[in-house]
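Have a look first, then read on.

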Amino acid sequence: MTAEQLISFARGAPSLDIIDIEGLKAAAVRALDADPAGVTAYGTSLGYPPLREWIARKHGVAVDQVLVTNGSLQADAFLFEHLVRPGDSVVVERPTYDRTLLNLQQQGGDLHSVTIHPDGIDTEELGKLLESGVRPKLAHIIPNYQNPAGVTLSLEKRRTLLALAAEYGFTIFEDDPYADIRFRGEQLPSMLSLDEHDVVVHASSFTKTVCPGVRVGYLIGPAALIAEIAKKATNLYISPGMFAQATVYQFCVSGDIDRSIETVSTALGERARLLGEALRAQIPGVRFYEPDGGYFLWIELPPDVRVDRLAPAAAERGVAVVKGSDFLIEGGHHALRLAYSAVTVDQIEEGVRRLAAAVDEVRGQN
């Protein structure tokens, strides 16, 4: 490997070697053979009907509760636009996905960050916030292998969140694109499946289990809410991409989705392990929580290492990282999010070596 080759820990996307190209090619052909009229037409803003039905079965909901979108970020945007008005209080995790922060800020939301721990959001801290009089319209929660911190919300905290939402009248937005990418531990029930009071809206995506390029995500919620959002979707784009959604449907019903999940989970589990070993060996004082799944590792560096200096120094050495401060309203100046999804095994140690050299360069600089 030459020094000129970029090693990117920045992008939460799978490397090409773990994408099932042959399976996708075959699924696209089957989609055109099985339903040429449906695949090539505009379709409905609710999404490709057979895929909606497949998603409904997967989650044990009625099909009129499902809206299939152009990626889960669009599902997020639809929900935020529908529920959040300027000045509305919104709870977010600290840290949380950077585009979530951006989209909610653009909606004019009054954001309240609540600390997360290895078992997820601090429900005691949230309870005190609610007791103080804050009445959020929405709480955005990434329950499994959280982006960027990699933590998983415990079953106890899932139940506590549901109880708080029912008591204080806010919607839990369960943003859950990583749930199937599990390396170890038991799969926990979604808050959607535990919800007895219609307080949960759930989003997920095929980006992490199939590939990002299909741009297929979905939103699940009360039928009336989904119908209202579907009207806005119709006005925005008539319908999402039927060809992509039909291809994903064929990929799913053939069983290729299960094989793809196994491939991605196995590969990323090894990459996460190797990344952790390399960080411990090469960067003294680094701290991190090892995730049980997902795409990301959140690292805390010593207080004399500022990431606003570290990121450009790392880029000069051909390694891309994302500053922790991007995922927080304030703070994160000594943290990084490292994505291990797009790096191959032979790149990890070299990437961390370059990062360690950049740490040594900027250590102690104000």
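Q: Where is Pro-95 found?
A: Pro-95 sits in the loop between strand 3 and helix 5. Helices (H or I, at least four residues) and strands (E, at least two) are DSSP runs, numbered from the N terminus. Keep in mind that this is a predicted model, where local features need pLDDT of at least 70 and side-chain atom pairs count only at pLDDT 80 or more, while totals for chains, interfaces and linings use all residues. Residues are numbered from 1 along each chain as its sequence is written, and side-chain values use heavy atoms, with hydrogens and water left out.

Q: What kind of peptide bond joins Arg-94 and Pro-95?
A: A cis one, with omega at about 5°. The bond from Asn-147 to Pro-148 is cis too, with omega near 20°. Pro-148 lies in the loop between strand 6 and helix 7. As background, most peptide bonds are trans.

Q: Why are helix 3 and helix 10 called oblique to each other?
A: Helix 3 (residues 49-59) and helix 10 (residues 242-253) pack at an angle of about 45°, and their axes are 8 Å apart. Axes are lines fitted to C-alpha atoms, for helices over the stretch in contact, and angles run from 0 to 180 degrees between N-to-C directions. Angles under 35 degrees count as roughly parallel, over 145 as roughly antiparallel, 65 to 115 as roughly perpendicular and the rest as oblique. So helix 3 and helix 10 are oblique.

Q: Which residues make the contact between helix 3 and helix 10?
A: Helix 3 brings Pro-50, Leu-51 and Trp-54, and helix 10 brings Gln-245, Val-248, Tyr-249, Cys-252 and Val-253. Contact here means heavy atoms within 4.5 Å. By class, that contact of helix 3 with helix 10 has seven nonpolar residues, one polar and no charged. For these classes, Ala, Val, Leu, Ile, Met, Phe, Trp, Tyr, Cys and Pro count as nonpolar, Asp, Glu, Lys and Arg as charged, and the others, Gly among them, as polar.

Q: Which residues of helix 11 and helix 13 make their contact?
A: Helix 11 supplies Glu-270, Arg-271, Leu-274, Leu-275, Ala-278, Leu-279 and Gln-282, while helix 13 supplies Val-345, Ile-348, Glu-349, Val-352, Arg-353 and Ala-356. This contact of helix 11 with helix 13 holds eight nonpolar, one polar and four charged residues.

Q: Is Cys-252 buried or exposed?
A: Buried means under 20% relative accessible area, exposed over 50%, partly exposed in between (1.4 Å probe, protein chains only). Cys-252 has 4% relative accessibility, so it counts as buried. Cys-211, at 11%, counts as buried as well.

Q: Why does Ser-154 count as buried?
A: Its relative accessible area is 19%, so Ser-154 gets the buried label. Ser-154 is in the loop between strand 6 (138-141) and helix 7 (155-168). Leaving out residues up to four places away in sequence, Ser-154 touches Asp-119 and Leu-188.

Q: Why is Asp-110 called partly exposed?
A: Asp-110 has 36% relative accessibility, so it counts as partly exposed. Its place is in strand 4 (residues 110-117). Beyond its neighbours within four places in sequence, Asp-110 is in contact with Gly-87, Asp-88, Ser-89 and Val-90.

Q: What is the phi of Asp-198?
A: Positive, at about 55°, although Asp-198 is not a glycine. In general, most residues other than glycine have a negative phi. Asp-198 lies in the loop between helix 8 (191-194) and strand 8 (200-205). With 62% relative accessibility, Asp-198 counts as exposed.
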